[in-house]
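Open the model in your viewer and colour it by chain. We will walk along the place where the chains meet.

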There are 2 protein chains.
Amino acid sequence: MAGQAVTKAQPRFQPAAPDTAFICNHLNVSRQSFSHWLNEVVTADKQPVADVLNALRGQQIYGPKRPANGVFIINEGAIRLFRMMADGRRAIIRSLFPGDLLWVGSNDLQAFEAEAVIDSHLSWFAGDIINKLMHEAPQIRAFLLDHITEDLRCLQNQLVTLGRKLAVERVAFFLTMLAARQCQRGMPIDPVLLPMSRSEIADFLGLTTETVSRSFSQLKAMGNISAQDQGAVHIHDVERLASLADGL
Amino acid sequence: MAGQAVTKAQPRFQPAAPDTAFICNHLNVSRQSFSHWLNEVVTADKQPVADVLNALRGQQIYGPKRPANGVFIINEGAIRLFRMMADGRRAIIRSLFPGDLLWVGSNDLQAFEAEAVIDSHLSWFAGDIINKLMHEAPQIRAFLLDHITEDLRCLQNQLVTLGRKLAVERVAFFLTMLAARQCQRGMPIDPVLLPMSRSEIADFLGLTTETVSRSFSQLKAMGNISAQDQGAVHIHDVERLASLADGL
DNA sequence: CGTTACGTTGAAGCCAGTCAACCTGGGTGG
DNA sequence: CCACCCAGGTTGACTGGCTTCAACGTAACG
């Protein structure tokens, strides 16, 4: 189940910075398509700048054993960022969906691991390429910075949730967030898809599977959500669920 | 107690980007002095690029009412980033000390407030100035990016702490972190200074003042720390405290 | 010397964790 | 095809760690 090496379409994980000549037309594109556009960037001799990676369900994408410096873009699938404590406690730091970015710092080896929740497809941009892109294309720099500050805000929301919210509020927050991200990606909001198990949700919200399950039931009983199967949920009133998540 | 307007030494909170001509010599300086060095950056006509702000204890520095886009640098004092929930629950997201940076995103109004824990002194760099700096001085860009990824890692640590750790482990984590930051800033490690009250620590760790107090007592009883007065703590064995924080 | 804010300690209550039983659906093999 | 297994989800009963409520101690300040 847990990760072997990832299948790599092209074998250059950390190549020397190519002489990039960018297609810097039509840059006023929306957020999620910008990620997609980045994948089209090529060098002067028409070589793609990004490394393409395919990761099967459960495979490790990044870990302490593999220090690096650069940015992943998630094209398809779902990625989880997590950290294990010595005694087996797991904390899921973030879930990444198509269009999301994953920064991997250079300083010291990172304190988290990343693996595929479902079969996924990603691109890797090495640090020096990112540097070059940020230097030569201000729009890309702005995009990357926007994204990283968005990540910060997201983590701040999670901190408030883990620090001060009750179980039901946490689950309500989780569903609201999933719904928001889903429509941010241009998908319909009605069936909110849960591409992860209860124990993943639990480790994400700082709860146990049982408590997550109970909170789901409670939300159903209160008439906030209903579920056909256990991988999809229908939210009756998004506003109401959101204010429930904020303790109102 | 809670914030009036901050005293501003120079009255341009969001000025037009000046024609910056930078002193880009001697850039191989260490982390904390780099922040200090940034304050020395001037425009072509010798005007300082940064806005200087003084904030008294308890004054608000940034809030939802004051949307902006740029970077604060903390020169002196201590700043807390926090979020209030509607019913009064408070979550402290981060404490900032001299040398730390505070990014304020542009997209939508931020979901946190910042205020001075003790009398503080900061610099403000508006978004367009930051942009210009990042474009013209790659070292500054690298420094800023390093700092923001460091922030991310820090928030990730907090998430693990709030999500999966017991009360004593949280306090141990807190003290370890303070100690680390203190020696990162070139200060002696021996008396770890606590420039905040128990209720601040509580809101930072997702606990109550009582539980924080009990955990301190427990750490004393276990022989991990000792305290002369309640604003300074002596850690007997930093390694041991750190591993305690990791649940070992 | 009283007041006030903050910290500590104790006792009781509650929310979420733990343990366990049961259910369901999907895969396997007889 | 059905019996069987197994992993994941739900629900119930009990436990435990943190919160809540409350009393007391202590230091700063007028």
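A polar contact here is a pair of N or O atoms within 3.5 Å, and within protein one atom must be able to donate a hydrogen and the other to accept it. Keep in mind that this is a predicted model. By that rule, 17 residue pairs are in polar contact across the interface of chain A and chain B, both residues being at pLDDT 80 or more.

Next, select the elements of chain A that give two or more residues to the side touching chain B: β5 (90-96), α2 (127-136), α3 (138-164) and α5 (198-205).

Charged partners are the next stop. The interface of chain A and chain B holds 4 salt bridges. To see one of them, show the side chains of Arg89(B) and Glu169(A), which meet at 2.9 Å, N to O.

Zoom out to the whole contact, to which chain A brings 46 residues and chain B brings 46 residues. Together the two chains bury about 4300 Å², 59% of it on carbon and sulfur atoms. In chain A, select Arg153(A), Leu159(A) and Arg164(A): these lose the most area to chain B, together 18% of what that side buries.

Finally, superpose chain A on chain B: a rotation of 180° with 0.0 Å of shift along its axis does this, with RMSD 0.0 Å. This is the relation of a two-fold axis. Because 100% of the interface residues of chain A are also interface residues in chain B, the copies meet through the same surface.

How values were computed. Residues are numbered from 1 along each chain as its sequence is written. Chains are lettered from A and ligands numbered from 1 in the order in which they are written. This is a predicted model: local features need pLDDT of at least 70, side-chain atom pairs count only at pLDDT 80 or more; totals for chains, interfaces and linings use all residues. Side-chain values use heavy atoms; hydrogens and water are left out. Contact means heavy atoms within 4.5 Å. Buried area is the accessible area (1.4 Å probe) that two parts lose on being put together, summed over both. A polar contact is a pair of N or O atoms within 3.5 Å; within protein, one must be able to donate a hydrogen and the other to accept it, and residues adjacent in sequence count only if both atoms are side-chain atoms. Helices (H or I, at least four residues) and strands (E, at least two) are DSSP runs, numbered from the N terminus. Copies are superposed by least squares on the C-alpha atoms of residues with pLDDT of at least 70 in both.
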